[in-house]
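Reader: I have a model open and would like to talk through its packing. Could you take me through it piece by piece?

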Amino acid sequence: MAVAGGETSGHLKKHHLSCWQEEGDGLGLPEENVVNKVVSPLAKEWPSMNFKNPNELVMGHIIQNDSKAGLRPPELRAGCVRANACRQLWWDPAACRAAVVTCGGLCPGLNSIIRGLTNCLWHEYGVREVFGMQAGYNGLSDPDIYPPIKLTPDFVREIHMKGGSVLKAGRGGFDAEKILDGLKKLGVNMVFLVGGDGTQFAGNLLYEAALKRGQAVSIVGIPKSIDNDVVMFDKTFGFESAVAEASEVIRNGWVEASSCDKGVGIVKLMGRDAGFVAMFAALASDIVDLCLIPEVDVSLEDIMAHVDRTVERKGHMVIAVAEGALQKFVATGKRDATGHVVYGDIGTFLRDKVNEHMKPRGGRSFYIDPSYIIRSAPIRPHDHTFCSRLAIDAVHTAMRGYTGVCVGPVHDIICMLPSRLIASGKKKVNVKRSAWQQCVQACGMPHSLAGLTG
């Protein structure tokens, strides 16, 4: 996946406030050891703590004799800068004011991110002015209508125990000029944008507008996607919690199906354009007989043939279907107010087709759609620790003077990448990779439903 302008992970000069307005191609890295003059309060309080070298890189391509070399993102070949604590900072923490915003739909872990950002800013850097902007970009554009919430350790202490967002995540409302005016009025010089590829695309526009103005502000994104469809990074927060919740619902579908003669449990899961949740939930539950994802096109005839064989062999069956799968059967031809395609309901379509097929044979389907239950669920423990890592390293990245970047894991090490890269597309399940092939084998799916032909 090539990105316009040839932007890659290893060239961050245009994303450091010491040199972001310099003429030139922006190749290479800023000399943080030279330009970052402020000694981190962490280095003063914890002198024996391990601090990263500012030019430490995580190599994007780590496999020799790689059978899938052609599938690796070329943008990561130059290596990715680690997003972690360094001894020298660009910003003087005493002069910092921060804003936090959660955009888009709900996702497990939003409150964990808010909590992690707030606590790191307060406890590690002594920043006392942390604003929680409400209703996504709406709150940044119109803070008089959506007044900011003062974030403190007391306010965020227990918010990770519940789902949702205490800042009321919202869609739309982006206006770069109004946002920059509002940030200037509040005296905010670092902004943390929590949201998906659309949020980070807007974050890049905000960075470009700030660059044009010369308004020094560290804009750092923390990508969010319950579908795990953010490019470049290994995974997104909330995904593991979604898979865990989905696995339990699949077990409910299995109980219903296995408690009925010729029962077929159908569970519709999140995944508009990518089938990661359905695939990993099928693997985690290990009781799914058919996994349908947007990346694999199949026919109804092949689905029903597999249903017949599975029910004859086991007496029941479980199907996990991603919401974006097989849209050719249910396409609406419509778009919503934000320009996104309005998807038809493949879950109810499949339910009706299975009933039509099975009821004359003495069987039936049991349909479950847990989408809103999953996205509003509280974060799971391992996912919460991942959120904490992301939040803390986002603060370190901002303090070091970077802007127009996002943080996330590359080979399980938190790195920073230009927001433009993160907004360049959507990650999809690659049917040639081992995870999908393992799913196909675990479900006992035939070649006609696996997408591995050709």
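Reader: Which residues does Leu-269 touch, leaving out those up to four places away in sequence?

Author: In this predicted model, Leu-269 touches Ala-246, Ile-250, Val-277, Ala-278, Ala-281, Ala-320, Val-321, Ala-322, Glu-323, Pro-370 and Ile-374, with residues up to four places away in sequence not counted.

Reader: And what about the largest nonpolar core, which of its members touch the most others?

Author: That core has 128 residues, and the members touching the most other members are Phe-192, Phe-237, Leu-269, Leu-292, Ile-303, Met-399 and Trp-436. Its largest share, eight residues, is supplied by helix H13, which spans residues 381–399. Another core lies apart from it and consists of twelve residues, including Val-58, Leu-76, Met-232 and Val-410.

Reader: Staying with H13, is Leu-390 buried or exposed?

Author: Leu-390, which has its place in helix H13, is buried, because its relative accessible area is 3% and the cut-off for buried is under 20%. Not counting residues up to four places away in sequence, Leu-390 touches Ile-113, Ile-222, Phe-237, Val-407, Gly-408, Pro-409 and Ile-414.

Reader: How far is its C-alpha from that of Val-311?

Author: The C-alpha atoms of Leu-390 and Val-311 are separated by 45 Å, and along the chain these two residues are 79 residues apart.

Reader: Let's move to helix packing. At what angle do H8 and H9 cross?

Author: The axes of H8 (residues 239–258) and H9 (residues 276–285) cross at roughly 60° and come within 8 Å, and the two helices are therefore oblique to each other. The crossing is right-handed. On the H8 side the contact is made by Phe-239, Val-243, Ala-246, Ser-247, Ile-250 and Arg-251, and on the H9 side by Phe-276, Val-277, Phe-280, Ala-281, Ala-282, Ala-284 and Ser-285.

Reader: How many of those contact residues are nonpolar, polar and charged?

Author: The residues of the contact of H8 with H9 divide into ten nonpolar, two polar and one charged.

Reader: How many residues of H9 are buried?

Author: Eight of the ten residues of H9 are buried, and this helix is mostly covered. The buried ones are Phe-276, Val-277, Ala-278, Met-279, Ala-281, Ala-282, Leu-283 and Ser-285. These buried residues pack against H8, strand S10 (263–269), strand S11 (290–292), strand S12 (316–322) and helix H15 (434–443).

Reader: What follows H9?

Author: H9 is followed by Asp-286, whose phi is positive, near 60°.

Reader: Which loop holds Lys-262, and what is its phi?

Author: Lys-262 is found in the loop between H8 and S10, and its phi is near 60°, a positive value in a residue other than glycine. With a relative accessibility of 30%, Lys-262 counts as partly exposed. For context, most residues other than glycine have a negative phi.

Reader: And Asp-412, where is that?

Author: Asp-412 sits in the loop between S16 and strand S17 (413–418). The phi of Asp-412 is near 65°, again positive in a residue other than glycine, and at 47% relative accessibility Asp-412 counts as partly exposed.

How values were computed
Residues are numbered from 1 along each chain as its sequence is written. This is a predicted model: local features need pLDDT of at least 70, side-chain atom pairs count only at pLDDT 80 or more; totals for chains, interfaces and linings use all residues. Side-chain values use heavy atoms; hydrogens and water are left out. Axes are lines fitted to C-alpha atoms, for helices over the stretch in contact, and angles run from 0 to 180 degrees between N-to-C directions. Helices (H or I, at least four residues) and strands (E, at least two) are DSSP runs, numbered from the N terminus. Angles under 35 degrees count as roughly parallel, over 145 as roughly antiparallel, 65 to 115 as roughly perpendicular and the rest as oblique. A crossing is left-handed if the near helix is turned anticlockwise from the far one by less than a right angle, and right-handed if clockwise. Contact means heavy atoms within 4.5 Å. Ala, Val, Leu, Ile, Met, Phe, Trp, Tyr, Cys and Pro count as nonpolar, Asp, Glu, Lys and Arg as charged, and the others, Gly among them, as polar. A nonpolar core is a set of buried Ala, Val, Leu, Ile, Met, Phe, Trp, Tyr and Cys residues joined through side-chain atoms within 4.5 Å. Buried means under 20% relative accessible area, exposed over 50%, partly exposed in between (1.4 Å probe, protein chains only).
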